[in-house]
Structure formats: C-alpha cells, structure tokens
Protein chains: 2
Amino acid sequence: MTKLHIQKPTLLLDPVKVQANIDKMAAKARQSGVRFRPHFKTHQSAQVGEWFRVRGLEAITVSSVSMAAYFARHGWQDITVAFPVNILEIEHINWLAQQVKLGLLVESAQVVQFLAEHLTASAQVWVKVDTGYHRTGIAWTAPEACVALAQAIEAVPQLSFKGLLTHSGHTYAARSQVQVEAIYRETVLRMKHVQERLAAAGLGQAEISIGDTPSCSLVDDLSAVDEIRPGNFVFYDVMQLEIGSCTEAEIGVAVACPIVAKHPERNELVVYGGAVHLSKEFIEVNGTRIFGYVALLEHEGWGPSLKQAYVSGISQEHGLIKVDNDTLDRLNIGDIVAILPVHSCLTVDLLRDYLTTTGEASIR
Amino acid sequence: MTKLHIQKPTLLLDPVKVQANIDKMAAKARQSGVRFRPHFKTHQSAQVGEWFRVRGLEAITVSSVSMAAYFARHGWQDITVAFPVNILEIEHINWLAQQVKLGLLVESAQVVQFLAEHLTASAQVWVKVDTGYHRTGIAWTAPEACVALAQAIEAVPQLSFKGLLTHSGHTYAARSQVQVEAIYRETVLRMKHVQERLAAAGLGQAEISIGDTPSCSLVDDLSAVDEIRPGNFVFYDVMQLEIGSCTEAEIGVAVACPIVAKHPERNELVVYGGAVHLSKEFIEVNGTRIFGYVALLEHEGWGPSLKQAYVSGISQEHGLIKVDNDTLDRLNIGDIVAILPVHSCLTVDLLRDYLTTTGEASIR
C-alpha cells in the first residue's frame, strides 16, 4: 500500500479479506442448507457484487427501490427490497417487477390493498415480523394479524405470499456470542410460533428469513431458518468487532486519512477525515465515545490497530485521534493512518469510491 | 409544496428563509464593520453561492481543497481553506494559488517550511489559534509560538502573514445567549492577547477571524474582530435552535420523508429517511436522543414542528418517529413529513441535491 496514491480521505478495501468473508458466510449457508441472500446495502457496489456472482450467488437483498434499480441494471435478477413498501415509489416498483423476480415487504393491509390496485407485474411478498427489535413489522405476539395479512396477499392475483421476514437488530446491543445466540434462539422460536399459526390456517409452510450479521456470524448452525440476509459481514467494522461477530483481521475496509496536525501536549493527532467520511457513528466503552480504531498502513493494506489509540472526536472534516507517546513520536504531519470505521455501511455510503489494497480504483 | 413531486427522502430548501438568513448576517457584519467571509461547507452549492454573490459578497471560506476547487471553478476568486494545510494535496493547492487569492491555515513550523519549499504561487496565511475548543491550533496561552510562526511565515517570499484565526466550537455546547456571549468575550480577549504579543514583536496589527455560528448569531456587535466566517447560519438546524442561535422559523432546510409504516401500539411512525439521509447526529434532551423534529408539509414549504413528535431512532434507511395520538390519527402511510435536521451541514452533505419550496430542483 504505497501512500503515494493517497492525498485525502480514501476508502481502502482489502479484496482478500472481503472475499474470505463472502466465502465463509456462503459456506455456512451451504452447510446449514439455507438460502444465502446477501444484503447489498453495505457495499452498494456492482464490482463487489461480482465477487458474489462468481461464487454462484444469484439472490440479493437491498434496502431501497433505488438500490434495487442499480443492481437490476447490473444484471441481478432476484432482488428483495427489505424495507416496507413505499407506495409513493410505485412507478419504480412496477418497472422493477417487470425486470426482475422481485421480493417485497409488507406489514399492513393498506399496502396490500394498494399493491392489489397498482402493481402491474407479479411480486413475491414477505410479511415483516417484529421479533423484539421494535423498529418495524407486525409483533410476533399478534400471529392472527400475520395470518390475516398472508391471506390478503394470497387473494391478490399478482402477489404470492413467500414467508415471514425479520431483522433481529437488537443483536447489535449484544456484547458476546452467548447473548447473540440467545437472541437468535428466541427469534427462531417466535418466528416458528407465527409460522405454525399460518400453517394451521392453511397457508402452508411459510419460509423464515432472518438478516442480522451478528446472528449469521456467531451461530454455527442456521438450519432452523430458510434464508439469511446478512450484509455488514462483507466488510465488518469496529461495532461488529465489539459485539464479537468478527476478528479485527476480518475487517475489510479502512479509511486512509492524512495527518494534518500534532498536539503533543494532549497526546492528539488531527487528521483530514471527519463526519462526512466516517459518519458520526460511535461505540461507547466505559463512557468514552470511540469513532474508530487506528492502524498503520503496510505494504499490502493496513496492520493491526494500535493499542492506546482511537478516534476520540469528529467534526465535518476533522478527526481527532488520541495516541500514546510512542505513537505520537512515530507519526508526523503528512503521514497517513488507516481508520477502521465503527459502522462500515455508513462509511462506505459516504465515500462510495474505493481503492483496493492491490491498487485498483473502483469505477461507478 | 405539492407532495406529488416527492417519492423518496428529498432535501427541501426554503429560498425565502435562506436568503433572509444571509441578509441578516450580512447586515450585522456591515454594522459591525467586519469582513463577512461565509463558510460554504454547509451548502456546498454553487447555486446557493449565487445568493451571496448577488449581495456583493466576494470572499468565502471552505473546509477542504476539493471544495475550494469546486468554488474556484464557479468563479469565486477569494477563498480561505479553513482547515490545517494538508501537505499531501500540494499539487492542488498550487493550482488553486494560481487561480485565486488563496488563504491557508497553518499551526506548525513544519508546514510553513514545506510551503516555503513547494508552494509555487503566493498565498495569505492565517495562524490557527486554539482559544478553548481544543480541536486544533496553537494554544492562546503560547503566544510566543504564534509569534515565531508568524515570523517564519513572513520570512517566506510567497507567503504573507494575514492574521489569527480561531473557531470557538465550544459554543455548540452552550445552551443560552448568555453562555455564548461569555465564550465570545473570552475568545476576543484571548485572541487580542496573542495579537498584542505579535504587535510587540513588530508584526503589526494582525487581523482576527472567528467562525462559529452561535457567536455570529447571538452577539450583536462583532466589531472587536476583523472577519467572521459562519457557515451553518445559512440553513440553521435543530442543534442551533437548541443552542438558541435561531428561531425555528429561520431553519431553511428540511428532509421530506414518506411514511411507510404505523405502529399505534407504541405511538410510532416509520419513515423512509435514515442515517444515509439525515446523518446520525443527535441532541440529547433529558436523556432522550433526538435525531430531528417533525413538521407537516404546507402549500409553500413546511409548518411549525409538531409538539410531542420527534425522530427517536434512525438506522441506514429507516427513521422512527414518536408521535402523540392526535398526530398518529392524522398521518397515514404514503403521507410525507418534513424532518428538521439536527445538523444541516451533514444532512446537506449526504443529500446534495435539493428541491426548493417553490418547486425548483438544484443542478450539480
């Protein structure tokens, strides 16, 4: 990784780590006998998408209609938009439904009725179930509402009821494998509870789809479900490291940031690299907010994160890095450090373009 | 504001409010007899820049070399890059120095030496002073370091020492006019302390430049300084409202977000509009994190924010809005709400394009 190429905050992507992450998750899905429908919202990149395609993966997840259109234009034919249907985008949804095998998410009779009246091509429909995260979806404690909605879907000629979909985002608050496994087991029990009520109502064996990266990373046997939709695992980040979903060596992206000032009196470095590059996401460790870990560039990528160094503050373009005396002595204005992002989805969304550690730039 | 135009999260800009904000700040600068060098990092828009230009303003501030290049290409000829010189961008800095009257920020002898050796055209140089924010700059308590640096600058043929520049970003932690005024007075005293030492060392009357929007908004008479560089005031936001820098009616941008789900059991709405649209910036009020206020669209823009409604949570594309029963009854899936952003600089950086409340789309 020669620093000659880099002049300003730049997203670095390690293709070896990223492809190893894809291989590992694909192997687990295969062994568990579940469909692997990776979420592409983390990378949002046709080029990264190709690394999935060459491994034989054909089904993907996205979080917006715009993202679905982008990947449809890049040849993806089986796309679930894992976000409650936004009825205002019906024109684009109709275009998509004609182009690809489209999966949609609903959680209200109103939206099913809207689709019945306005959807001009066929789509598969998942019922969004809330198993405890409380962001959105029908509460798992109201299985009769899920049954009614599934029946309403089945009654619409252009819709087919596919199954139950959930996102156990509360695993992001977990801080150990044991905690994540407990949430996963609870999620499966709750989804199966709803699934059984659907079967009893004559709706057959509804599929179960789960999504969160912590569960998909930390649970060895995922065979209790039919489909997994992790996204963040492709890059991982400091938050996943904190949860325990990955090792640091598996984090596949970092932001190269030039050092622009040194403040030995308070053991701080200032880098060009702020909220518009990293996002304002932080983790809190013993009351201290951490906006990223810090590593040094090495010949092919970046090294292990520096002990006693972290991004302690962030404004629009500035990053503040707390360092120990040794690191302070080693680093100078004009040097570049690699910042491991707290939440890679947001960092990658901000920076978009990337440079691989083998020196190739992305093209959009 | 017809909602027919809007299908997904869209930055709304009220040109009447924005131009009134510009007029008010320009009038205050005129009355105080100080140079008004607005910071363009908040809007990053050539079109919004024109509203300053037609009012006779010619000097601007930006926070990156890239932003300087963008505005130079749009005809701006007097640009200060209010960010410590990033020596890795020297090629672009040289290009800029040939195109425009360029202002640079330094805080170390190393960077002055670098510029002496590599800068190929002339530039004005400000010494960055830390008056208490502790992000970056030379501590005001070390005036001899400022003197030495100013002398080093004056010794370089292509550099001219312009003055002392600070950003009292700690006003963002203030929550009243009295607190902001106290920080402003302290800032002025500290800057004048350094200024006097420079004069005593034969460096003449160095200019004093300040930047923060709270001080520039809440202090009536700014004549103690020579230049003001506020940026956020052009749009303001919930954070500035919380500080007291603006009224809600002065907030000039909002994000139109479609409602995609309703959860009456917990008084919540789900909107399409998340961290990739609003940023993850929040204010904390009595321990509650607030990611935005919520208003209804009206014929020409948006109305007053709804009491008992706020953005309570945010993920990549989802926003969660807490509402009271009345609001819950009034709003439905497919309706659009306007979210007043917590930090307009970050929201505008994320969304880039905007739609004015008079129906004109921005072009980039």
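Predicted model: local features only at pLDDT ≥ 70, side-chain atom pairs only at ≥ 80, totals over all residues.
Local features were considered at pLDDT of at least 70 and side-chain atom pairs at pLDDT 80 or more, whereas totals for chains, interfaces and linings use all residues. Residues are numbered from 1 along each chain as its sequence is written, chains are lettered from A in the order in which they are written, and side-chain values rest on heavy atoms, with hydrogens and water left out. The model has an ipTM of 0.96 and a pTM of 0.97.

Chain A was divided into domain 1 (3-11 + 247-356) and domain 2 (39-230), with bounds that come from an automatic or database domain assignment. The C-alpha centres of these domains are 35 Å apart. Contact (heavy atoms within 4.5 Å) joins six residues of domain 1 to seven residues of domain 2. The two domains bury about 550 Å² between them, 49% of it on carbon and sulfur atoms; buried area is the accessible area (1.4 Å probe) that two parts lose on being put together, summed over both. On the domain 1 side, A:Cys345, A:Val348 and A:Tyr354 lose the most area to domain 2, together accounting for 65% of what that side buries. Helix H12 (residues 344-351) gives the most to this side, with four residues; helices are DSSP runs (H or I, at least four residues), numbered from the N terminus. By class, the domain 1 side has three nonpolar (Ala, Val, Leu, Ile, Met, Phe, Trp, Tyr, Cys and Pro), one polar (the others, Gly among them) and two charged (Asp, Glu, Lys and Arg) residues.

Between the chains, 55 residues of chain A are in contact with 55 residues of chain B. The buried area of chain A and chain B is about 4,600 Å², of which 55% is on carbon and sulfur atoms. Six salt bridges were found across this interface. B:Glu284 forms a salt bridge with A:Arg289, with the closest N and O atoms 3.7 Å apart. The side of chain A that touches chain B has 23 nonpolar, 17 polar and 15 charged residues.

Terms used
Helix = DSSP H or I, 4+ residues; strand = E, 2+ residues; numbered from the N terminus. Salt bridge = Lys/Arg side-chain N within 4 Å of Asp/Glu carboxyl O.
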